[in-house]
Amino acid sequence: MSNIETPAETPEETQPEVDPIQTIYEGQCDSLSGRSTLSFAVGRHPDTQALHLRIVGNTGGGMWCDEWIAAESIDAIVVGATELTSRSFQVLQPGRSINTAGFVAAVLKALGLIRGNAENSRLHEHVPTETFEKVVMALVAAPATSAAKTGRRKAKEA
């Protein structure tokens with residue numbers, strides 16, 4: 001038997017996983033309550049070309065989940081729906097901040113995928129013929145001056 005010690009093997013340093021989704025659009029819109037401004041990003045996976053959405057900021061200080069949400073999952077909830085509330089979107093990121101669902105609803109409304117119900121202001125409905133991809137592609141293709149479509153506020157004149 002040998003009394004020679006062998007150096008302990010050190011585990012390889014783990015590199016943080018690089019987020020494969022690449023941002024293709026960034027915008028802002030009002031929250032559903034109108035008390036804060038939300039910043040959001042739309043991204044595309046470089047291999048699958050699948051679109052995604054994430055909330056990246058909130059001037060109101062409330063917490064939210066900043067993970068990407070697949071457009072496919074959004075469309076599964078929205079397309080054909082006539083009675084959507086912010087709670088309808090909680091299934092997109094279960095166990096995460098409940099604020100995220102309302103923030104996602106606000107972004108989808110600003111993008112034109114959902115609209116308010118004329119009879120009940122707490123309900124929203126799918127805009128017929130629209131999909132997440134259609135509203136995003138129209139937004140990305142639009143000239144920069146059409147940013148107001150996403151609910152950006154104009155600067156106050158002095």
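The protein contains three helices and six strands, where helices (H or I, at least four residues) and strands (E, at least two) are DSSP runs numbered from the N terminus. The structure is a predicted model, in which local features need pLDDT of at least 70 and side-chain atom pairs count only at pLDDT 80 or more, while totals for chains, interfaces and linings use all residues. Residues are numbered from 1 along each chain as its sequence is written, and side-chain values use heavy atoms, with hydrogens and water left out.

Along the sequence, the elements follow the pattern β-β-β-β-α-α-β-β-α. Of the 158 residues in the protein, 37% are buried; buried means under 20% relative accessible area, exposed means over 50%, and partly exposed lies in between (1.4 Å probe, protein chains only). The protein exposes about 10500 Å², of which carbon and sulfur atoms supply 50%. Accessible areas come from the Shrake-Rupley method with a 1.4 Å probe, and for residues only the protein chains shown count as cover. Among contacts (heavy atoms within 4.5 Å) with a separation of 6 or more, 47% are between residues 24 or more positions apart.

Four strands make up an open sheet with the order S1-S2-S3-S4 and antiparallel pairing. Strands S1 (22-30) and S4 (69-70) are at the edges and have a single partner strand each, so one side of each is left without a neighbour in the sheet. Two strands are taken to pair if DSSP finds at least two bridges between them. In general, strands of a sheet pair through backbone hydrogen bonds, either parallel or antiparallel. S1 and strand S2 (residues 37-44) run antiparallel and are joined by eight bridges. Cys29 has Leu38 in S2 as its bridge partner. Helix H2 (residues 99-111) packs on the sheet and touches S1, S2, strand S3 (51-58) and S4; the direction of H2 makes about 115° with that of S3. For such angles, axes are lines fitted to C-alpha atoms, for helices over the stretch in contact, and values run from 0 to 180 degrees between N-to-C directions.

Leu53 is part of strand S3 and is buried, with a relative accessible area of 0%. Apart from neighbours within four places in sequence, the residues in contact with Leu53 include Phe40, Ala41 and Val42, as well as Val104, Val107 and Leu108. Glu67, Trp68 and Ile69 are also among the contacts of Leu53. The C-alpha atoms of Leu53 and Tyr25 are separated by 9.7 Å, and these residues are 28 residues apart along the chain.

Two salt bridges are present in the structure, a salt bridge being a side-chain nitrogen of Lys or Arg within 4 Å of a carboxyl oxygen of Asp or Glu. In one of them, Glu67 pairs with Arg96, and the closest N and O atoms are 2.9 Å apart. This pair links distant parts of the chain, 29 residues apart: Glu67 is in the loop between S3 and S4, and Arg96 is in the loop between helix H1 (71-78) and H2. Glu67 is partly exposed at 35% relative accessibility, and Arg96 is partly exposed at 44%.

Glu125 also forms a salt bridge, with Arg115, and the closest N and O atoms are 2.9 Å apart. Glu125 lies in strand S6 (residues 124-126) and Arg115 in strand S5 (residues 114-116), so the pair ties together parts that are 10 residues apart in sequence. Arg115 is partly exposed, at 37% relative accessibility. His124 lies in strand S6 and is buried, at 7% relative accessibility. Beyond neighbours within four places in sequence, the contacts of His124 include Ile114, Arg115, Gly116 and Leu32.
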